[in-house]
Amino acid sequence: MRVVVKGLFFRYGSLPVLEGVELEAEGGEITGLVGPNGSGKTTLLRCVAGILKPQRGSIFLDGKEIGEFTPKELSRKIGYLPQGPSPPFPLTVFDTVLLGRKPYLGWRVGERDLRVVSEILKKVGLEKLALRPFNELSGGERQKVLLARVLAQEPEILLLDEPTINLDLRHQLELLSLIRKEVKRKGLSALMALHDLNLASTFSDRIVLLKKGRIFAIGRPEEVLTPSNLERVYGVKVKRMRRPWGFHLLPLRPSKSSLK
Amino acid sequence: MGIEKVYLRYTRSKLLLILILSLLLFFLSLLALSVGAVNLSPGRVWRAFFSRIFPLSSDHLSEVIVWELRLPRILLALSAGAGLALAGAVCQGLLRNPLASPYTLGVSSAAGFGASLGLVLGLGVYGGEYLVVINAFLFALLSTFLVWGLSIKKGMSSESIILAGIAVMYLFSSLTSILQYMAEPRALQGVVFWLMGGLYHATWKRFFPVFFITLFCFPPLLRYSWDLNALAMGDETAKGLGVNVGRVRGVGLVLFSLLTAGIVSFTGTIGFIGLVSPHLARMLVGGDHRFVLPCSCLMGALLLLASDTLARSLIAPTEIPVGAVTSLLGIPFFLHLLMKKRREFWP
């Protein structure tokens, strides 16, 4: 599904967060959103998810304005994985993933819902933990459960807010590979906010570099993640090293000139 | 295939638990019918009980004791316990906070103040027999709408709502103590008894409103089970799943107010049930609200009926305040479970 964002302006009270953001995302592609803290990544995701109403601008899903969808329709099209709090009550892994079927459920759980959930649990390799309480899992397992929940929505668009935050190396890679595989296999359009620029460049087809609510650069990872762009956006000297698979970014130190 | 079967078996085992609890509750009710201040043999109790259903002869005394004293009291205990527990489970779910309860949100103490106003000063919007009840009801509603108003204000975290509830609780209890200070001895006694809460004045007339309020609130709240489950993962996730968070929280808290105000105004403040029953239920059936809500009701009913039966029979004919028994009975049990299940869900 094609996502088009046009002239998006958003402010919380008088604080501007997004100022004229424009982007397009195609099915089968991961668009990585990178930028410093407070550059508007999360707000952009919330707007596309239909949770925040932008003051100006519009978002189109396959040409249809987002406001024309009902919340239920949106929840069947968009799988949004926010950086939520952990639940205060013990829900099992299976129940947590089953929540992803909420957009399709009445009160009773159907056979198809159960099948979808168990297939996804197998896919993310958590079938053994199906009846364990979510809160007892490790951070990496939890994040996989949450991803499974989003996939159970059978969405056409994935919105992922820092899915690898607080994960160890192996879980980061496993999770991102899973996301990539699903995106390619099902032709999903994914918008993913990431802090780790190396992961972002490895797993994204395109990178959107945000600075203070505006798009600073947009394009393929090697075009966008250049030392000069990164210095101007993050105020950090970065060394870019060629590698057989592409390149590797090594942050060196905060640049002096950026302390204006 | 495998996981689905395991999950289905798991949900079935939860249904079985709920069934077992219901049976337990039924037998406890039968037991409660046959114990009390006047020692009636089970035979006389049953004769008296069936005498109003079948053409059976029975002596007048046992018939009055069974039908006018014990039966309404048992049924009041069941419906009030179930209702308070339901209220507790719902507000904990809506506010995502395991500390929320009718008590910690200030509802009980607001009702207490309303009742005291009627008892001490005779003030109220409507006089007569129900002056105290109506006063309590109105103030309980007032305080929950206060909490509700705070909860829809942007940026109000659930912790701040609980804090505000506790502040409201202190506000009304200090107002109540001022009233107590001014009160005549007879009125003061009335206030003290009301605040302790109890079912000693149970009649059919008091039972029916409590029963119907609980019955009326249960189905719509149960329908919100999935929304409550989604809310547990945070407002944003819930919204992303298509839940109208504002409406669920609004309707939920209105029903919560109705439930709490309706019950507390007839029984006085019975704390603890609303806080603990949902936790006991979650320890049994997990966090899925489809099961938590009914199971909380059963737990609350069980807890209140057991406490009230002990309260009226332990040192009969003297009665111990039921609130005290509930706490004495429930808290050690609760603490035991809390220590045993050292998981991070229970604070």
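Chain A is divided into domain 1 (3–225) and domain 2 (226–260), with bounds that come from an automatic or database domain assignment. The structure is a predicted model, in which local features need pLDDT of at least 70, side-chain atom pairs count only at pLDDT 80 or more, and totals for chains, interfaces and linings use all residues. Residues are numbered from 1 along each chain as its sequence is written, while chains are lettered from A and ligands numbered from 1 in the order in which they are written.

Confidence comes before the details. pLDDT is the predictor's confidence in each residue, from 0 to 100. Chain A has a mean pLDDT of 91, and 98% of its residues reach 70 or more. Within chain A, strand β12 (residues 246–254) has the lowest confidence, with a mean of 89, and strand β8 (residues 189–193) has the highest, at 96. Where pLDDT is low, the predicted coordinates should not be read in detail.

The centres of domain 1 and domain 2 of chain A, taken over C-alpha atoms, are 27 Å apart. Their contact takes 12 residues from domain 1 of chain A and 9 residues from domain 2 of chain A; two residues are in contact if their C-beta atoms, placed from the backbone, lie within 7 Å. On the domain 1 side, the elements that give two or more residues are α7 (197–203), β9 (206–211), β10 (214–219) and α8 (221–224) of chain A. Such names refer to DSSP runs, numbered from the N terminus: helices are H or I with at least four residues, and strands are E with at least two. Helix α7(A) gives the largest share of that side, 3 residues. By class, the domain 1 side has 7 nonpolar, 3 polar and 2 charged residues. In this scheme Ala, Val, Leu, Ile, Met, Phe, Trp, Tyr, Cys and Pro count as nonpolar, Asp, Glu, Lys and Arg as charged, and the others, Gly among them, as polar.

Chain A also contains an open sheet of 6 strands in the order β6-β7-β8-β3-β9-β10, with mixed pairing. Two strands pair if DSSP finds at least two bridges between them. Strands β6 and β10 of chain A stand at the edges with a single partner strand each, so one side of each is left without a neighbour in the sheet. From one strand to the next, the twist averages 15 degrees. Strand β3 (residues 29–34) of chain A pairs with β9(A) in the parallel sense over 4 bridges, and A:Gly32 has A:Ile207 of β9(A) as its bridge partner. Helix α5 (residues 139–152) of chain A packs on this sheet, where it touches β6 and β7 (157–161) of chain A, and its direction makes about 165 degrees with that of β6(A). Axes are lines fitted to C-alpha atoms, for helices over the stretch in contact, and angles run from 0 to 180 degrees between N-to-C directions.

Another open sheet of chain A has 4 strands in the order β2-β1-β4-β5, with antiparallel pairing. Its edge strands are β2 (15–25) and β5 of chain A, each of which pairs on one side only. Helix α1 (residues 41–48) of chain A packs on this sheet and touches β1, β2 and β4 of chain A; the direction of the helix makes about 120 degrees with that of β1(A). Strand β1 (residues 3–12) of chain A runs antiparallel to strand β4 (residues 56–61) of chain A, and 5 bridges join them. One bridge partner in β4(A) is A:Leu61, paired with A:Val3. Strand β4(A) also pairs with strand β5 (residues 64–65) of chain A, in the antiparallel sense over 2 bridges, and here A:Phe60 stands opposite A:Glu65. These two strands, β4(A) and β5(A), form a hairpin with 2 residues between them, and A:Asp62 in the turn has a positive phi of about 50 degrees.

The two chains meet through 34 residues of chain A and 29 residues of chain B. On the side of chain A, α2 (71–77), β6 (78–81), α3 (93–98) and α4 (111–123) give two or more residues. That side has 23 nonpolar, 5 polar and 6 charged residues.

In chain B, the axes of helix α3 (residues 60–94) and helix α12 (residues 273–285) come within 7 Å and cross at roughly 75 degrees. By class, their contact has 8 nonpolar, 5 polar and no charged residues.
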